Amino acid sequence: MASVHINKVAKAYGSAKILHEVGVEIEDGEFVVLVGPSGCGKSTLLRMIAGLESVTGGEIRIGEKVVNDVLPKDRDIAMVFQSYALYPHMTVAENMAFSLMLKKADKKEVTAKVERAAEILSLQPLLERFPRQLSGGQRQRVAMGRAIVRDPQVFLFDEPLSNLDAKLRVTMRGEIRALHQRLGTTTIYVTHDQVEAMTMADKIVVMKDGRVEQIGAPLDLYDDPDNVFVAGFIGSPSMNFLNVTSGPDGVLSVGKIPLPNPANMPVLASRNILYGIRPEHLEIDEGGLPLDIIVVEPMGSETQVAGKLGAQDVVCVFKDRIKARPGDILKVRPQAEKALFFDKDTGKRLR
Ligand code: ADP
Ligand code: MG
């Protein structure tokens with residue numbers, strides 16, 4: 001196992017700058033998720049850690065060693081890809097043994113390692129099958145088995161669950177977490193799915209356009225985002241952002257509708273503000289704001305309601321079932337102490 005240090009790492013293809021001074025500290029044994037929209041540079045960063053892409057600027061260290069110019073095979077990492085990349089003409093056992101055979105490892109030792117990985121992943125009954133005889137989830141497990149037998153310092157995963165159906169994704173999420181708990185190997189996991197990030201990570205790195213937006217524990221990012229992007233990206237349904245005007249006295253209003261104002265925050269006076277409120281932080285209250293209901297979605301355990309507050313879209317999530325229907329007006333009140341404020345021009349959090 002090892003720590004991984006990513007220090008001011010940049011990547012450019014010709015004149016196209018893909019990553020800008022990315023910095024991430026990953027502790028020994030940590031499970032870190034890189035998350036962000038498609039094209040933000042997650043795979044590029046992971047491939048640079050693996051040694052599959054050159055480093056344009058900055059430094060990558062695995063443990064104490066700078067690996068910028070170290071060949072992939074000498075980095076002691078194992079990568080699991082979205083496509084699995086299994087050899088179709090080899091059995092499950094042969095697929096898992098392949099990298100060790102290349103290294104001319106002792107045959108008995110290889111067999112023992114393959115058996116141990118098969119046991120961890122419940123693959124014993126499938127060892128003599130070929131990839132075409134396996135389901136998507138089983139193939140995914142074989143790809144993980146191939147990584148496990150190498151007993152690497154660091155596991156790298158690039159969207160390993162994207163090809164699986166929704167239910168299997170949830171199961172495999174749990175399996176990968178359990179695997180990490182059992183082996184304790186430092187893991188860097190890339191996904192565009194914020195739910196995967198929230199449920200799997202010790203620490204999340206939120207990326208956008210080749211930059212790190214914020215790093216933190218899942219619930220810290222949820223409760224205390226630094227900017228509009230992180231606030232909107234983490235959490236589903238997304239945080240509501242209301243365009244709010246504030247007078248010199250700091251009084252807030254949406255259109256003509258006044259909003260509950262939290263403790264006196266001088267920073268809010270006389271500027272364009274986004275008032276951020278999570279869907280579960282709106283309550284039904286006779287004295288509240290009039291929400292013009294557009295959609296009611298009863299989910300059983302909760303009810304989602306989408307509507308308009310003046311001209312602005314708002315989504316609420318209520319724990320209770322509600323009788324209101326589309327076209328009705330529902331009075332809702334933001335829990336003022338839960339509201340977050342952002343500078344509309346810069347997107348930065350106002351504290
Ligand atoms: P993500 O994994 O977050 O979806 P990628 O790391 O794959 O994003 O890509 C980041 C950006 O780098 C994208 O804009 C992509 O088009 C660009 N890119 C990736 N590989 C190359 C390449 N070989 N040459 C030029 N641009 C590339
Ligand atoms: Mg990618």
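**Exercises on a predicted model**

At a relative accessibility of 10%, E159 counts as buried, where buried stands for under 20% relative accessible area, exposed for over 50%, and partly exposed for what lies in between (1.4 Å probe, protein chains only). This is a predicted model, in which local features need pLDDT of at least 70 and side-chain atom pairs count only at pLDDT 80 or more, while totals for chains, interfaces and linings use all residues. Residues are numbered from 1 along each chain as its sequence is written, chains are lettered from A and ligands numbered from 1 in the order in which they are written, and side-chain values use heavy atoms, with hydrogens and water left out.

**Exercise 1.** Locate E159 and S122, and state for each the value of phi.

*Solution.* Begin with E159, which lies in the loop between β7 and α5; helices (H or I, at least four residues) and strands (E, at least two) are DSSP runs, numbered from the N terminus. The phi of E159 is near 45°, a positive value in a residue other than glycine. Whereas E159 is buried, S122 is partly exposed, with a relative accessible area of 48%.

**Exercise 2.** Describe helix α5, and work out which of its residues are buried and which are exposed.

*Solution.* First take the length: α5 covers residues 166-183, has 18 residues and reaches 26 Å from its first C-alpha to its last, close to the 26 Å expected at 1.5 Å a residue, the expected span being 1.5 Å times one less than the number of residues. Then list the buried residues, which are M172, R173, I176, R177, L179 and H180. They cover an arc of only 155° around the axis, so they lie on the same side of α5; the arc is that of the directions from the helix axis to the C-beta atoms. On the other side of α5, K167, Q181 and R182 are exposed. Now look at the partners: the buried residues of α5 pack against several elements, including β3 (31-35), α3 (107-120) and β8 (186-191), where contact means heavy atoms within 4.5 Å. Finally, α5 is followed by G184, whose phi is positive, near 70°.

**Exercise 3.** Identify the residues around ligand 1.

*Solution.* The residues around the ligand, each with a heavy atom within 4 Å of it, are Y13, I18, P37, S38, G39, C40, G41, K42, S43 and T44. The largest share of this shell, 3 residues, comes from helix α1 (residues 42-50). Next, go through the atom pairs: an oxygen atom of ligand 1 is 2.6 Å from a polar backbone atom of G39, and a polar side-chain atom of K42 lies 2.9 Å from an oxygen atom of ligand 1. Taken alone, ligand 1 exposes 560 Å², of which the protein buries 56%, with areas from the Shrake-Rupley method and a 1.4 Å probe; for residues, only the protein chains shown count as cover.

**Exercise 4.** Find the partner with which the side chain of R349 makes a polar contact.

*Solution.* R349 is found in strand β20 (residues 349-350) and is buried, with a relative accessible area of 18%. Its side chain makes a polar contact with the side chain of D224 (2.9 Å); a polar contact is a pair of N or O atoms within 3.5 Å, and within protein one must be able to donate a hydrogen and the other to accept it, while residues adjacent in sequence count only if both atoms are side-chain atoms.
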